[in-house]
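Let's take a friendly walk through a protein model together. Have a look at the sequence and the 3D view, and then read on.

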Amino acid sequence: MAARLPLLAILLLLLALARPALAAAQEAEGAAAAPHRRFEYKYSFKGPHLVQADGTVPFWVHTGNAIPSADQIRITTSLKSQKGSVWTKNKSIFEYWEVEVTFRVTGRGRIGADGLAVWFTEEQGLEGPVFGAADKWNGVGIFFDSFDNDGKKNNPGVIVVGNNGKLLYDHQNDGATQALASCLRDFRNKPYPVRVKITYYKKTLTVSVNNGFTPDKDDYELCAKVENMELPSQGYFGISAATGGLADDHDVLSFLTFQLTEPGKEVPTPDAEIPQKDKEKYQEEFEHFQQELDKKKEEFQKEHPDVQGQPADDVFETVSDRELRQIFEGQNRIHLEIKQLNRQLDMILDEQRRYVSAVTDEIAKRGAGLPGQQGQVSQQEIETVVKTQEEVIRQVNEIRNSVTDTLRSISGAQHPGSAGVYETTQHFNDIKEHLHLVKRDIEHLAQRNMPSSDKPKCPELPPFPSCLSTMHFIIFMAVQTVLFIGYIMYRSQQEAAAKKFF
């Protein structure tokens, strides 16, 4: 029974490696029925040249301490007790929608406040106590809450809260009593802008988040999903933020809105949405802006004849910029590697549980069909198998929890310019190399143990793998021991680096 244990782990790893191909096929099948997406410019904004000459954003209204600029809208500055918001001027005219929001939340402290919210409500919540917007809204708010009001250490986090226009937001408990779904995500002080994709389609609201560790725009992770959700058929899109005793800069770089149309339904034509009068107006504004830009270029060249023909920015990278870029890239690779390992451990755990259930059922059936003493032996076998598999599940759970803690510590890493980050990055690179070696050895060992006609078969239990030799068992246990020792050494070194960092 003990010799069978490592072989089960090997086969489960092979199954985990085969799962992505199946998942890709399922995604391709689901993509065939995906809704039609159409960009809605009247409910969107994006830099550069975001503001007009009068300081306003086309089709949007800003209130409070919000400050629009050429490439972003600063909802609040890092000052105490600030509130601001931006809202669409017109209600949406489509039933299903998807928004992609890109933002930054930055601050000097390890803890920030209060947070940022993305809204879809029946009326504009121009100003109020809920992250800078009005309370008792009719619709939904997706809150990026930075401050831990209830002291449960579950912030920063993302919370989905619905309202029918009659409820007051529960600030003291961070909306936990009203949350429809939530997830823990650290979105402060990231090397790249954080991206969130919010989709409302067929009465299902889905929130996916890109944590800001990678410049890949499509690297989203599922955060929350709410089914059977009734939202107003028409409403306003908005984004708001607020600060308290602590303060962060809340900057929104883009807010892109798409109309979703079910397959088979008629897609609205783009020309019907833009009247000819508006087209002429926008063309006139563009030509005026182009003339002003050319005029300013000529004035600058006359005032600075010595810099003509020279680039405005230095084309060479400074030493500090290069070091920061290398740190960000290293952390990004570590983050992706550990995230993939975490997913594989989840799949291994699921396969192991199903295997335990199948073995228990099979042995129970065989034990029921045998009389007298043989039935007692089958019962003992059941207990032995169950205990062994429970031990395997416990060990896999421990590995999964350790990887989760490591991933969380990476996500919470701040101030990448400090000396402690260099040591942490080096430790993670060492761990990643060990993981690659273990993966390669396991794949090699699995290939050597592929079932053949010459090798003995395990007794009777069908879908079971072939038996494992003593030498293969020793090799696998040695590899597993090296992995655990390396991980323990890594944890101790990381704790020492963390103490030095903080």
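## The chain as a whole

This chain holds six helices and 16 strands. Keep in mind as you explore that the model is predicted. Of its 502 residues, 40% count as buried. The chain exposes about 28,200 Å², and carbon and sulfur atoms supply 54% of that area.

## How confident is the prediction?

The mean pLDDT of the chain is 78, and 71% of the residues reach 70 or more. Over residues 1–5 the pLDDT is below 50, and this stretch has nine contacts in the model beyond near neighbours in sequence. Residues 451–459 also have a pLDDT below 50; beyond near neighbours in sequence, that stretch has 11 contacts in the model.

## An open sheet of seven strands

Now find the sheet whose seven strands follow the order S3-S6-S15-S8-S9-S10-S11. The sheet is open, and its pairing is antiparallel. Strand S3 (60–64) and strand S11 (179–184) stand at the edges with a single partner strand each, so one side of each has no neighbour in the sheet. On average, neighbouring strands of this sheet are turned by 15° against each other, direction ignored. As background, strands of a sheet pair through backbone hydrogen bonds, either parallel or antiparallel.

Let's follow some of the pairs. Five bridges join S3 to S6, and the bridge partner of Thr63 in S6 is Ser85. Strand S6 (residues 83–88) is mostly covered, with five of its six residues buried. S6 also pairs with S15 over five bridges in the antiparallel sense, and here Lys83 stands opposite Ala242 in S15. Strand S15 (residues 236–242) pairs in turn with strand S8 (residues 115–121), antiparallel and over seven bridges. In that pair, Ala117 stands opposite Ser240 in S15.

## A loop residue and its contacts

Leu167 lies in the loop between strand S10 (157–164) and S11. Is Leu167 buried or partly exposed? Leu167 counts as partly exposed because its relative accessibility is 41%, which falls between the 20% limit for buried and the 50% limit for exposed.

Which residues does Leu167 touch, leaving aside those up to four places away in sequence? They are Asp135 and Lys136. Leu167 and Trp137 are 30 residues apart in sequence, while their C-alpha atoms are 7.9 Å apart in space.

Most residues other than glycine have a negative phi, and most peptide bonds are trans. A few places in this chain are worth a look with that in mind. The peptide bond from Gly47 to Pro48 is cis, with omega near 0°, and Pro48 lies in the loop between strand S2 (45–46) and S3. A cis peptide bond also joins Ala113 and Asp114, where omega is about -15°. Asp114 sits in the loop between strand S7 (96–106) and S8.

Phe59 has a positive phi, near 70°, and is found in the loop between S2 and S3. Lys202 has a positive phi of about 55° although it is not a glycine. This lysine, Lys202, lies in the loop between strand S12 (194–201) and strand S13 (204–210). Lys202 counts as partly exposed, at 46% relative accessibility.

## An annotated stretch

An unreviewed UniProt entry annotates residues 471–490 as a "transmembrane region". In the model, residues 471–490 are 100% helix and 0% strand, and the end C-alpha atoms are 29 Å apart.

How values were computed:
Residues numbered from 1 in each chain as written. Predicted model: local features only at pLDDT ≥ 70, side-chain atom pairs only at ≥ 80, totals over all residues. Heavy atoms only, no water. Helix = DSSP H or I, 4+ residues; strand = E, 2+ residues; numbered from the N terminus. Buried < 20%, exposed > 50% of the residue type's maximum accessible area, 1.4 Å probe, protein only. Areas by Shrake-Rupley, 256 points an atom, 1.4 Å probe, with all protein chains shown as cover. Pairing = 2+ DSSP bridges. Axes fitted to C-alpha atoms, helices over the stretch in contact; angles between N-to-C directions. Contact = heavy atoms within 4.5 Å. pLDDT = per-residue confidence, 0-100. UniProt positions renumbered as here; feature names shortened; annotations may be inferred.
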